[in-house]
Amino acid sequence: MKTMRLAVVLALWLTVTVFAGSARAQIVLNELMPDPASDWSPTDGNDEYGSLEDEWVEIFNAGSEAIDVTGWRLRDAVSDSSWRFGFDGVLEPCEFFVVYGNEAYQWEEQNGYAKNGLSMNNAGDTITLVSADLTTVVDLVTYTSQDVGDDQSWGRVPDGSPNWECNDGLNPANPPGSGLPPTPGEPNVGAPVETVDWGQIKAFFR
C-alpha cells in the first residue's frame with residue numbers, strides 16, 4: 001500500500017513538474033533594443049532620447065495558456081547577480097510585455113538595487129529571464145556588436161521562433177537584416193520597409 005501511494009505521489013509530482021516547465025517554456029525573450037538612438041520609451045514622460053531610458057526588452061507568450069509572471073526577473077549577464085527588473089501580472093497567449101530602461105531604473109531604485117536601468121552593452125551581452133524562484137532560467141539570448149547598431153533591434157522573426165534577426169528597417173545593416181523596423185509590443189512580421197518615418201512609428205506605440 002505504501003509503495004502504491006508513493007508511486008501515485010511521484011506520478012503527480014512529475015506531472016506538475018513537467019506542466020510547470022512546459023508553461024515556463026512558453027514565455028520567451030522576443031526582441032531587444034540594446035543601442036537606441038531615438039526616444040523609444042513612451043513611459044518616460046518626455047520626447048527626448050536617453051541612452052539609459054530608451055533601451056528595451058520584450059518578452060512574449062508563445063503558448064496557448066495565460067502564464068503568471070509575477071516575481072520573474074531580468075538580468076543582463078549570466079554572471080551578474082544584479083536584477084534589472086521584476087515582472088508583475090499575467091501574460092496572456094500571444095501577448096507581449098515590454099520593459100523600457102526608465103522602468104527598469106525605477107524598479108531598481110524602489111527595490112534597493114544599483115540604478116543602472118537595463119544596462120545592455122552595445123558591444124554584446126547576454127540577457128536572462130529568470131522565474132520567480134530566482135534560480136530557474138526561463139530563457140536567455142546572447143547578442144554581439146555585429147548583431148545590432150543604432151536603432152536596430154535583435155528579435156525573433158517570426159515572434160517566438162528560434163530564428164533571430166537584426167530588425168534594421170530604421171537603419172539598414174550591412175549585411176542586410178530583416179528589413180523590418182523594431183516593433184516593441186507588436187508582432188515582428190510584415191514586408192521589409194525601404195523608408196520609415198520615425199515620428200509615425202513612435203506615435204503608433206503611444
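## Where β1 meets β10

Strands β1 and β10 (residues 153–156) run antiparallel and are joined by two bridges. Across this pairing, L32 sits opposite W154 in β10. Strands here are DSSP runs of E with at least two residues, helices are runs of H or I with at least four residues, and both are numbered from the N terminus. Two strands pair if DSSP finds at least two bridges between them.

A word on what you're looking at: this is a predicted model, where local features need pLDDT of at least 70, side-chain atom pairs count only at pLDDT 80 or more, and totals for chains, interfaces and linings use all residues. Residues are numbered from 1 along each chain as its sequence is written, and side-chain values use heavy atoms, with hydrogens and water left out.

## The five-stranded sheet

Five strands make up an open sheet in the order β7-β2-β1-β10-β11, with antiparallel pairing. At the edges you'll find β7 and β11, each of which pairs on one side only. From one strand to the next, the twist averages 25 degrees; axes are lines fitted to C-alpha atoms (for helices, over the stretch in contact), and angles run from 0 to 180 degrees between N-to-C directions.

A pair of aromatic rings is described by the distance of the centres and the angle of the planes. There are eight aromatic pairs in the structure. Rings of Phe, Tyr and Trp (its six-membered ring) pair if their centres lie within 6.5 Å; planes under 30 degrees apart are stacked, over 60 edge-to-face, and the rest tilted. F85 and F87 make an edge-to-face pair, 5.2 Å centre to centre with 85 degrees between the planes. F85 also pairs with F97, this time tilted, at 6.4 Å and 40 degrees. Since F85 lies in strand β5 (residues 85–86) and F97 in strand β7 (residues 96–100), that pair ties together parts twelve residues apart in sequence. Ring pairs link F85, F87, F97, W107 and Y113 into a cluster.

The cut-offs are under 20% relative accessible area for buried, over 50% for exposed, and partly exposed in between (1.4 Å probe, protein chains only).

## The nonpolar cores

In soluble globular proteins, nonpolar side chains tend to be buried together. The largest nonpolar core here has 29 residues, and L74, F87, I127 and L129 have the most contacts inside it. Such a core is a set of buried Ala, Val, Leu, Ile, Met, Phe, Trp, Tyr and Cys residues joined through side-chain atoms within 4.5 Å. Among the elements that each supply at least two residues of this core are β1 (27–33), α2 (101–110) and β8 (124–130). Apart from it lies another core, of five residues, including M33 and W40.

F87 touches residues such as I59, V69, W72 and L129, not counting residues up to four places away in sequence; contact means heavy atoms within 4.5 Å.

Where does R84 sit? R84 belongs to the loop between β4 (73–75) and β5. R84 counts as buried, at 5% relative accessibility. Its side chain makes a polar contact of 3.1 Å with the side chain of D76. That term means a pair of N or O atoms within 3.5 Å; within protein, one must be able to donate a hydrogen and the other to accept it, and residues adjacent in sequence count only if both atoms are side-chain atoms.
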